[in-house]
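Q: I have a new model to read. Could you walk me through its main features?

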Amino acid sequence: MIKISDSQLVIKLAQNDSLRYFITVGNDPYLQYTAQNQIKAKLTSLGYAEHTVFVIDNQTDWNQIYQSSQAMSLFANQIALILQFGETALTVALAKKLDELTASLSPDISLLISLSKMTKTQENAQWFKTLSEHLMVISCNTPDAEQLPQWIKQQLPHYGLDLEKQSIELLSYYYEGNLLALAQILEQLKLLYPTGKISYNQLENNVNDTAIFTPYHWVDAMLAGKTKRSIHILQQLKSNDTEPLILLRTLQRELILLINIHKYTAKHNLKMAYDFYKVWQNRRNLITPYLNKTNIEQLYQILNKLTELEIILKHDYQSPVWEQLTTLNMLFIGKNA
């Protein structure tokens, strides 16, 4: 079994003709789409000319899938079955269906499974072990803010473009979380500047802010003390019509957690507090510096401000709520608005 990132897929496919089973795992629809297209092109070149797609949900007729995995086609000797789970979770019941399918797969059948996520437990399932000898797993998660510049750098040769570091940072700023729009602007730049050489000013005249964020990105940016980034995220959430109440709820949960951790550490150490409140390991490095510089009185002050804003939001529909969210943003970071 081979595990790779999406950026390695083209090279790995070119190096190996023996793999018949593929799983694309991740939350990014653009990466899922491009990875599956690359795999399907490879399978076609290997003789798997017929591709049969099944969208999996709780109503899926698995008998049709089982029959397709066994039936000979009139048009091709080798067939690729593509199982699209989308947002459907791979439940125990669905895993049993995969157990049955993989236990009787014909050697002339290739299998491509698309999942939004996969746990360690699922990797230990029987169906996964059955496929593992000829299996490639491709990660298709959206690059985060730190990973995106490198991801863009890896894409540039495919478009024949040569951008300086400052230009790559500009693209990262404007297209974070929106790889489809990013791919489209790279394609457009290739057409506008056939030589591939583009100055920062030329780039700036062609890009638009289409970054896509979630409320969790906003909270994380504030925890990290990144003023410019958190305001940028807030602006994009506003332009994407995010409900302010959702932002308040997300921030409220984080504030209550921080207050509880602060209280717990009065009698226990910080690690015990994280364990007690089940804080994921990768968030502890983000939260700890914020806790170190913020006392519990400040956290209550922010929570009170948030509560005031929620009351205003529910009673005064004309209030400038986004301006007040900006003020709350600055208060959380510890700076005056």
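Q: What should I know before starting?
A: This is a predicted model: local features need pLDDT of at least 70, side-chain atom pairs count only at pLDDT 80 or more, and totals for chains, interfaces and linings use all residues. Residues are numbered from 1 along each chain as its sequence is written, and side-chain values use heavy atoms, with hydrogens and water left out.

Q: How many helices and strands does the protein chain have?
A: Helices (H or I, at least four residues) and strands (E, at least two) are DSSP runs, numbered from the N terminus. The protein chain has 17 helices and six strands. Its C-alpha trace spans about 70 × 55 × 40 Å along the principal axes.

Q: What share of the residues count as buried?
A: Buried means under 20% relative accessible area, exposed over 50%, and partly exposed in between (1.4 Å probe, protein chains only). Of the 337 residues in the protein chain, 45% count as buried.

Q: Which residues have the most contacts inside the largest nonpolar core?
A: Start with the general idea. In soluble globular proteins, nonpolar side chains tend to be buried together. A nonpolar core is a set of buried Ala, Val, Leu, Ile, Met, Phe, Trp, Tyr and Cys residues joined through side-chain atoms within 4.5 Å. Here the largest has 39 residues, and F22, L171 and L182 have the most contacts inside it. Elements giving two or more residues to this core include α1 (9-15), α2 (29-45) and β4 (79-84). Helix α9 gives the most, with seven residues. Apart from this core lies another, of 37 residues, among them W218, L248, L303 and L306.

Q: What is L171 in contact with?
A: Contact means heavy atoms within 4.5 Å. Leaving aside neighbours within four places in sequence, L171 touches I152, L163, E176, L182, I185, L186, L203 and V207.

Q: At what angle do the axes of α16 and α17 cross?
A: Axes are lines fitted to C-alpha atoms, for helices over the stretch in contact, and angles run from 0 to 180 degrees between N-to-C directions. The axes of α16 and α17 (residues 321-333) cross at roughly 175° and come within 10 Å. Angles over 145 degrees count as roughly antiparallel, and α16 and α17 are therefore roughly antiparallel to each other. The contact includes L306 and L309 of α16 and L325 and L328 of α17.

Q: How many salt bridges does the structure hold?
A: A salt bridge is a side-chain nitrogen of Lys or Arg within 4 Å of a carboxyl oxygen of Asp or Glu. The structure holds 12. D220, E254 and R283 are linked in a network of them.

Q: Where in helix α16 do E310 and K314 sit relative to each other?
A: They are four residues apart in α16 (residues 296-315), so about one helical turn separates them. E310 is buried, at 9% relative accessible area, whereas K314 is partly exposed at 41%.

Q: Which distant parts of the chain does the pair of R229 and E176 link?
A: R229 forms a salt bridge with E176, the closest N and O atoms being 2.6 Å apart. R229 lies in helix α12, and E176 in the loop between α8 (165-175) and α9 (179-192), 53 residues apart. Both R229 and E176 are buried.

Definitions and conventions. Parallel < 35°, antiparallel > 145°, perpendicular 65-115°, else oblique.
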